Amino acid sequence: MSSAFFPFSAVVGQDDLRLALLLNAVSPAVGGVLVRGEKGTAKSTAVRALSAVLPEVDVVPGCRFSCVPAVPDPACPDGPHEPGPGTARLTRMVELPVGASEDRLVGALDIERALAEGVKAFEPGLLAAAHRGILYVDEVNLLHDHLVDSLLDAAAMGSCHIEREGVSVRHAARFMLVGTMNPEEGELRPQLLDRFGLTVEVAASREPEQRVEVVRRRLAYEDDPAAFAERWAGSEAEVRARVVAARALLPQVRLGDGALLRIAAVCAGFEVDGMRADLVMARTATALAAWAGRTSVRKEDVRQAALLALPHRRRRSPFDAPGLDEDLLDRILDGFPDEDPDQDPAPEPDPDPEPEPDQGPDGDGGPEGGGPDGGPDGGGVPPQTGPADGPDRTQEPPEGPAPEPGDGPEQEPEPAPARGGAAAEQPAVRAGDPFRTRVLSVPGLGEGASGRRSRARTAHGRTTGAQRPRGQLTKLHLAATVWAAAPHQRARGRSGRGLVVRKDDLRQATREGREGNLVLFVVDASGSMAARQRMAAVKGAVLSLLLDAYQRRDKVGLVTFRGAEAELALPPTSSVDAAAARLDRLPTGGRTPLVAGLLKAREVLRVERLRDPSRRPLLVVVTDGRATSAGPVGGDPREAARRGAGLLAAEGIASVVVDCESGPVRLGLAGALAADLGGPAVTLDGLRADSLAGLVKDVRTSVSHHYDNRRVA
């Protein structure tokens with residue numbers, strides 16, 4: 001038997017990933033799987049292979065919405081259907097591309113039939129195709145917000161409701177939602193994160209023998225996919241039969257009061273928000289019992305369910321890594337009796353155990369086996385929690401900075417001289433508590449990627465008008481097209497209901513929404529910023545701005561300067577948690593090469609403009625304005641900084657200066673720098689959204705504009 005995908009049972013290792021997918025196959029009510037991990041860890045391979053081990057589904061013949069033959073949906077757009085025999089087909093695995101349009105996802109009016117035949121015809125989208133199957137989103141963390149909203153609605157209601165362009169359609173949309181992502185490319189929106197029932201962290205094996213087996217199987221598959229699939233056909237059939245048996249057993253599994261108390265105690269002990277975690281754990285534990293061939297839920301099922309369902313629900317901010325304290329989990333579970341009266345007796349050992357599905361038909365499987373059941377009794381193995389939670393975790397130092405010896409009154413230490421002009425490095429200071437910041441936006445109307453910061457012409461947003469298409473038509477403005485074609489119908493010899501439309505009549509809808517920007521932070525890490533309380537406040541402010549950038553779907557970058565040079569600490573990325581980690585480790589000390597930081601920022605923005613010309617930048621300079629070193633530029637440090645700021649202003653870079661100067665006597669150097677950049681200066685207190693100064697203001701983009709406003713004031 002040939003297969004388009006790599007066989008599911010041939011995936012080496014990744015026990016918890018395969019177990020999570022199979023639990024959803026047994027009980028789709030679990031709510032899907034989010035797979036997080038680095039590149040090249042078989043995330044997509046395992047997900048795409050899952051559909052081949054799922055049982056066939058019966059559908060109404062000719063129904064585009066996959067109605068169940070015995071109980072067809074009375075509201076099906078292709079209905080009504082009479083109950084009767086159906087047609088069996090394979091379970092679909094539908095992929096949602098990151099760049100898909102909203103019409104492609106939910107469906108839309110069939111424009112061609114509407115204009116040519118004068119009828120309202122609905123063209124189903126991917127949600128209709130995924131009904132009773134799998135909806136797979138690769139790089140789900142990069143999915144545009146408008147698609148996330150539609151996906152959330154469908155996942156919550158189990159149906160898709162379309163009201164647009166004179167069409168009103170509702171159809172069922174119940175599917176297994178599976179997403180894969182690389183956390184280095186940015187985190188997932190919290191609302192969508194909570195919709196995934198289970199989450200799995202995957203990483204490449206560090207065992208040479210297992211890595212060899214991965215390569216051996218992949219090369220064999222690429223040499224002859226059909227022969228490789230035929231070789232694993234027996235294992236695939238065994239997994240499929242076990243899924244069918246577990247589905248049949250699932251209604252008989254009893255979730256006793258003891259198991260329910262354990263689930264409630266675990267969720268309360270980990271302070272999980274809401275009740276969705278309790279429900280997901282209950283469904284997962286029930287599916288685990290059915291997968292193991294039992295009719296009652298045991299303590300180990302509850303533990304396994306917690307390890308799969310709670311890590312991504314424990315995060316309190318985007319900068320928290322998902323994970324679970326297994327010691328705390330065991331202490332909570334140990335507070336209950338080991339045996340519940342409603343549990344099945346322990347099963348007798350199987351005198352003839354089945355071979356591990358990960359072991360090849362010829363008995364030459366990988367050294368670690370790891371079948372889809374995750375263990376010989378079918379109950380699964382404790383999920384892997386990623387490389388950070390490996391066997392040597394006890395050797396790692398505790399998280400966070402070392403305890404501070406004390407926080408006395410703020411003093412600005414004189415930087416000690418260092419050989420060769422190097423910075424006299426001081427220990428990193430922990431960031432202060434983040435807060436909600438005022439909104440900083442780039443003025444004008446951009447055309448960048450969808451986001452939540454600055455106004456922009458976007459493919460998705462509120463319709464503001466219509467225009468003749470420039471290039472390919474992407475979004476038809478139906479009303480404007482009809483208005484353009486209507487006066488010419490008699491001259492074109494129209495007869496019948498259809499409208500005679502020509503290419504010149506077509507109108508493109510213009511829409512306005514919000515875009516994400518590139519927020520580049522330029523942080524002063526010199527000795528003048530090194531006072532403990534000041535640096536903690538500065539880091540807290542930058543952390544707050546990073547959190548704001550995460551919520552507004554921005555890319556972020558981090559430039560630091562101290563000593564005699566500037567450094568690109570973090571190239572522009574969508575991963576704000578990576579920026580937060582770099583900020584946490586930021587050392588301070590040395591002289592203040594302000595011009596080096598500005599010139600480094602200019603170079604970074606120049607390169608990014610070539611890579612992504614549509615994404616507009618926002619430069620955030622965090623400094624007290626002092627300049628004590630000209631770095632490689634030479635000359636007077638302050639004059640060099642003025643020239644560097646002038647170059648950025650001349651290029652129209654939107655800028656804002658966060659003034660970190662403190663104390664009763666202020667020199668106003670940060671304000672002067674803001675004037676040179678052509679942008680406003682905001683104090684640390686004024687950055688807070690709840691301050692009197694926390695009004696929504698656009699960042700000024702030219703020195704002249706800024707000066708004009710000052711003269712008017």
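Colleague: How many bridges join strand 15 to strand 18, and what makes two strands a pair?

Modeller: Six bridges join strand 15 to strand 18, and the two run parallel. Two strands pair if DSSP finds at least two bridges between them, so strand 15 and strand 18 qualify with six. The model is predicted, so local features need pLDDT of at least 70 and side-chain atom pairs count only at pLDDT 80 or more, whereas totals for chains, interfaces and linings use all residues. Residues are numbered from 1 along each chain as its sequence is written, and side-chain values use heavy atoms, with hydrogens and water left out.

Colleague: Why is strand 15 described as largely enclosed by the rest of the structure?

Modeller: Seven of the seven residues of strand 15 (residues 518-524) are buried, so the strand is largely enclosed. Buried means under 20% relative accessible area, exposed means over 50%, and partly exposed lies in between (1.4 Å probe, protein chains only). Leu518, Leu520, Val522 and Asp524 point one way from strand 15, while Val519, Phe521 and Val523 point the other way, and all are buried. Across the protein, buried residues make up 50% of the 713 residues.

Colleague: In what order do the strands of this open sheet lie, and which strands stand at its edges?

Modeller: Six strands form the open sheet in the order 17-16-15-18-19-20, with mixed pairing. Strand 17 (565-573) and strand 20 (681-683) stand at the edges, because each has a single partner strand and one side of each is left without a neighbour in the sheet. From one strand to the next, the twist averages 20 degrees. Strand 19 (residues 654-659) pairs with strand 20 in the parallel sense over three bridges, and Val658 has Val682 in strand 20 as its bridge partner. Helix 20 (residues 669-677) packs on the sheet, touching strand 18 (617-623), strand 19 and strand 20, and its direction makes about 180 degrees with that of strand 19.

Colleague: Why is helix 11 called roughly parallel to helix 13?

Modeller: The two helices pack at an angle of about 30 degrees, with their axes 10 Å apart. Angles under 35 degrees count as roughly parallel, over 145 as roughly antiparallel, 65 to 115 as roughly perpendicular and the rest as oblique, so helix 11 is roughly parallel to helix 13. Ala259, Arg262, Ile263 and Val266 in helix 11 meet Lys299, Val302 and Ala306 in helix 13, where contact means heavy atoms within 4.5 Å.

Colleague: How do you know that helix 13 is mostly covered, and what covers its buried residues?

Modeller: Ten of the eleven residues of helix 13 are buried, among them Lys299, Asp301, Arg303 and Gln304. What covers the buried residues includes helix 1 (15-26), strand 11 (198-202), helix 11, helix 12 and helix 14 (326-334).

Colleague: What makes a group of residues a nonpolar core, and which members of the largest one touch the most others?

Modeller: A nonpolar core is a set of buried Ala, Val, Leu, Ile, Met, Phe, Trp, Tyr and Cys residues joined through side-chain atoms within 4.5 Å. Of the 60 residues in the largest core, Leu21, Leu50, Val266, Met281 and Leu310 touch the most other members. Helix 12 (residues 276-291) gives the most to this core, with ten residues. Leaving out residues up to four places away in sequence, Met281 touches residues including Ile263, Val266, Val302 and Leu310. Another core, of 39 residues, lies apart from it and includes Val442, Ala536, Leu618 and Ala654.

Colleague: Why does Asn182 count as buried, and where is this residue found?

Modeller: Asn182 has 4% relative accessibility, so this residue counts as buried. Asn182 is found in the loop between strand 10 (176-181) and helix 7 (190-195). Aside from neighbours within four places in sequence, Asn182 is in contact with Gly37, Glu38, Lys39, Glu139 and Asn141.

Terms used: Helices (H or I, at least four residues) and strands (E, at least two) are DSSP runs, numbered from the N terminus. Axes are lines fitted to C-alpha atoms, for helices over the stretch in contact, and angles run from 0 to 180 degrees between N-to-C directions.
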